[in-house]
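Please look through the structure below with its aromatic side chains in mind. The points that follow are meant for a first reading.

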Amino acid sequence: MKKTLIVIQIFIFALGCSEKQQGVSLTSLYVEPMIFIDTLVNIEKIEFTGTVQLFGKGFFQIEGNSILFLDRLGMKVLEFDNNGKFQKTILENGEGPAEIPKFQSYTSDGEFRYFLDGYTLMVYDKNNELVSRSVLNFHHQSSLKEIEGNPNPDDAGIYEVKYWENQLEVIDGYLYTKIESSNPKFNFVMNSEYYRNSYLYAKVDPKSGKVLSLFGKHPPVYQRYNQLPHFDYYYHDRHEDQIYISFEPDSLIYVLDQDFEAKESFGNSGKGMDQSYREVSTVEDWEDYWRINRAQKGFYKHIKFFSEEDLLFRTYTLGNPDILAYEYGDNPQRMQIYKGKQLVGDVSVPNFFKIIGKIGDFYYADGSAENPDNEELILYRFKLDVL
């Protein structure tokens, strides 16, 4: 595959720890697209079978050769084989040592399972027994008066867990969670400086729950606007010592190290996206224009990297030109496919489509997680031959 490559060295934002000097030298790559995949053929919708009630609101995870469904309606974890046949219930709902009360977010590092319910972190071992429970502690470095009157972006005390579109990550035994601030003088709705100075992730000691460090900054694209609270969401995937991260209004994909410092960026714009966003600066406008922006505008979504094939997938929405479009599900969705940082595919995909992993020759995509009205287990799989 022939590539046209332009490498530009630019001095850009820091996506690093609060203890380090901000500002890194970032390599921005432009690779000429060579799109030869314009359709995903033979997308198959998995038919789930078994002896349990197969409905619920939740999300899928791929772990090894198994498919997990984390049911946030029934509050339990189900395991299926790669063809959708029910195998067992890993965790039932309850308060016992081998039960789960409730949760919003989940991750696993192969040794332990981590569930986050609000600020409560529950860790289970390989036998699915509860080994620790802690409460996330965003301790104040400043006085409460300073927190309220003159918030310092470097102070963990002004942040909270980012509930919507949160992702948990475990690196070297520490938990990382997305964060945000709703401080009246420093928040994503009313303060433009928020997009320059706020942090994106908190590093947490899973045993004590204490927040140890703050990481990550918004990219420069946010400086083109006053405030974009409807698109203050970002998505990452980690492979070994690299983290790939994508922001909703940004065509670039950033490659970070494990300190969340940006080393490289690449990426191409989506096809036919309407990014004429409505900027807002009041809570009232944020509420009024939420559905209009999310249903009628285009933005970038989930990201997934496969190292063996050197393939990266990123979904995005186009925006719906119908001024009466009011639901996120009305917003048509597409997916970019990158091979070695070159865009080789741009295909239409079902709404709520999110690549989550690969088993054998099949790539799997969750179709349930973001659909607020869905109570059906929806999972897709497909094959892709990219040389």
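1. The charged end of Lys 178 lies over the ring of Tyr 235, at 5.1 Å from the ring centre. A charge sits over a ring if NZ of Lys or CZ of Arg is within 6 Å of the ring centre and within 35 degrees of the ring normal. Lys 203 has its charged end over the ring of Tyr 174, 4.4 Å from the centre.

2. This is a predicted model, in which local features need pLDDT of at least 70 and side-chain atom pairs count only at pLDDT 80 or more, while totals for chains, interfaces and linings use all residues. Residues are numbered from 1 along each chain as its sequence is written, and side-chain values use heavy atoms, with hydrogens and water left out.

3. Rings of Phe, Tyr and Trp (its six-membered ring) pair if their centres lie within 6.5 Å; planes under 30 degrees apart count as stacked, over 60 as edge-to-face and the rest as tilted. The count by this rule is 40 aromatic pairs. One of them is the tilted pair of Phe 231 and Phe 299, with 5.3 Å between centres and 50° between planes.

4. Phe 231 is buried (under 20% relative accessible area; exposed is over 50%, partly exposed in between, with a 1.4 Å probe and protein chains only), its value being 0%. Phe 299 is also buried, at 0% relative accessibility.

5. The rings of Phe 313 and Phe 382 are edge-to-face because their planes stand at 75°, with centres 6.3 Å apart. Phe 313 counts as buried at 1% relative accessibility, and Phe 382 is buried at 0%.
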